[in-house]
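Here is a short briefing for a first look at this model. Please view the structure first, then read the notes grouped by topic.

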Amino acid sequence: MNARYQRQLLLPGWGPDTQRRLSQAAVLVIGAGGLGCPALQYLTAAGIGHIGLVDDDRVSVTDLHRQILYTDADLGVLKTEAAAAALSRLNPEVQVRTYPFRLTKERALEVIGGYDVVLDASDNFATRYLVGDACALLQKPLVYGSVMRYEGQVSVFHKKNQPGGAHSFGYRDLFPTPPAPGEVPSCDEGGVLGVVAGIIGNLQALEAIKLLTGLGEPLIGRLLTYDALGQRFYEVALTPRDVNGPRNVHGPQTAGEFAAWPYPDDECRYATVDNATFNALRARENVLVLDVREPGELPMAPFPHERWPLSRLRQSPDVYQDRTIVVFCQSGIRSREAAALLAGRNIVFQLKNGMAGWTR
Amino acid sequence: MTVLTFGRIVDICGAGVLDVAPQPDTDSLEAHLHGRYPELKGLTYVLAVDQKTITGNTPLHPSSVVAVLPPFSGG
């Protein structure tokens, strides 16, 4: 057997068959951010055979404190691309497949269907409910992790049609319906300590390995919460919700209902970037730098760019297609509208505070 | 009885561990907490009584420990 795994092959309960099981396993990680990066590192190092990676975002300078697969050289690069490169350096035996798009209900069942275990390492409720429901429909085990500030949550959900009426648990058995938009701060708004995301992401990787090897007791039917400042774990057992309860609490029960389910698309389809990321993007090839101010507005941007004023963009929003575009205006207000107009057909970034806040 | 808070609910209640006058059941406890911390009204959370989540009104004892657990989305 491969010397790479010698130390884990020495573990009690871990033999060549255990390692073979991992090498034949396929794990899907949804989100290559603060949770996904550490989880991916350990899953890859442990010798998971096939790793799928879903993320539509690019590396921003504000990600680097916690998204430890990335370096300054990756700024502006697709996270799937940068992560896949880092992971194949870490363990070339692992096959990494990338899905550089936001998971939607159109693709979710098809993508998730190809994997043995799914890790929810996403950063928004729309994706979490989508993934929770897709895994419940497909009866796939789902390793859930989430963080806020100095706290985290981990659990394992696995909906099964079991004979004898044994209970099985999905995300909606814990949190039946999404909170109102804006109710729960995201990491962008509330902040997060990198090492806390690292701890929760590692616990997710551990649960995935336990599920795949059959070792130990997975966190099925249990929610583990972590308080970093108090350095405490608190565990609660889940109570299954009544299957005959309200429809919205129970989630979609068929692929047809799933396809018609109103998942909120509350996230922007473009990214807002700071100066450092803006400058890194500008330096890249094949990136269109676009000024959407009206003709004659000063100061002129002292770097190569094209001009297409917002007033004209409103008339012809499909003027650009299949481009990577970084939009700016004077203060970052008009560029938001422009970014929203362009986002359907392009990969779009907008400079946060416009030319007024720009520095070299 | 003891109430444990998590996430943003710690900020709203001002502490991670609250000492609350004994309540007969979780519905009364929620009404009591909403009176004391109006910002809790309308927030999304699940309650766990003695480390088990509940799906409806549940009787409480003076020694019960109730956790108020909001969902997190961050990753």
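A nonpolar core is a set of buried Ala, Val, Leu, Ile, Met, Phe, Trp, Tyr and Cys residues joined through C-beta atoms within 7 Å. A residue is buried if 20 or more other C-beta atoms lie within 10 Å of its own, exposed if 12 or fewer, and partly exposed in between, with C-beta atoms placed from the backbone. The model is predicted: local features need pLDDT of at least 70, side-chain atom pairs count only at pLDDT 80 or more, and totals for chains, interfaces and linings use all residues. Residues are numbered from 1 along each chain as its sequence is written, while chains are lettered from A and ligands numbered from 1 in the order in which they are written.

**The core of chain A**

- The largest nonpolar core has 112 residues, and A:V27, A:V29 and A:L40 touch the most other members.
- Helix 9 (residues 194-213) of chain A gives the most to this core, namely ten residues. Helices (H or I, at least four residues) and strands (E, at least two) are DSSP runs, numbered from the N terminus.
- Not counting residues up to four places away in sequence, A:V27 touches A:L43, A:I48, A:I51, A:Y115, A:D116, A:V117, A:L119 and A:A208. Two residues are in contact if their C-beta atoms, placed from the backbone, lie within 7 Å.

**Helix 9 and helix 3**

- The axes of helix 3 (residues 36-46) of chain A and helix 9 of chain A come within 7 Å and cross at roughly 40 degrees. Axes are lines fitted to C-alpha atoms, for helices over the stretch in contact, and angles run from 0 to 180 degrees between N-to-C directions.
- Helix 3 of chain A and helix 9 of chain A make a right-handed crossing. A crossing is left-handed if the near helix is turned anticlockwise from the far one by less than a right angle, and right-handed if clockwise.
- Helix 3 of chain A brings A:G36, A:C37, A:P38, A:A39, A:Y42, A:L43 and A:A46 to the contact. Helix 9 of chain A brings A:G198, A:G201, A:N202, A:Q204, A:A205, A:A208 and A:I209.
- By class, the residues of this contact are nine nonpolar, five polar and no charged. Ala, Val, Leu, Ile, Met, Phe, Trp, Tyr, Cys and Pro count as nonpolar, Asp, Glu, Lys and Arg as charged, and the others, Gly among them, as polar.

**Two residues of helix 9**

- A:G201 sits in helix 9 of chain A. A:G201 is buried because 33 other C-beta atoms lie within 10 Å.
- Neighbours within four places in sequence aside, A:G201 is in contact with A:G34, A:L35, A:G36, A:C37, A:P38, A:A39, A:A121 and A:G145.
- A:G201 and A:D120 are 81 residues apart in sequence, and their C-alpha atoms are 9.7 Å apart in space.
- A:L212 also belongs to helix 9 of chain A. A:L212 has 22 C-beta neighbours inside 10 Å, so A:L212 counts as buried.
- Neighbours within four places in sequence aside, A:L212 is in contact with A:R21, A:L22, A:A25, A:D116 and A:V117.

**Helix 5 and helix 6**

- Helix 5 (residues 105-113) of chain A and helix 6 (residues 125-138) of chain A have axes that come within 10 Å and cross at roughly 50 degrees.
- That angle makes helix 5 of chain A oblique to helix 6 of chain A. Angles under 35 degrees count as roughly parallel, over 145 as roughly antiparallel, 65 to 115 as roughly perpendicular and the rest as oblique.
- The crossing of helix 5 of chain A with helix 6 of chain A is right-handed.
- The contact of these two helices has eight nonpolar, one polar and one charged residues.
- A:R107 lies in helix 5 of chain A. A:R107 is partly exposed, with 14 other C-beta atoms within 10 Å.

**Where chain B meets chain A**

- The contact takes 34 residues from chain A and 21 residues from chain B.
- On the chain B side, strand 3 (46-49), strand 4 (52-53) and strand 5 (65-69) each supply at least two residues.
- The chain B side divides into eleven nonpolar, eight polar and two charged residues.

**Backbone details**

- A cis peptide bond joins A:L298 and A:P299, with omega about 0 degrees.
- B:D50 is not a glycine, yet has a positive phi of about 45 degrees.
- B:Q51 is not a glycine either, and has a positive phi of about 65 degrees.
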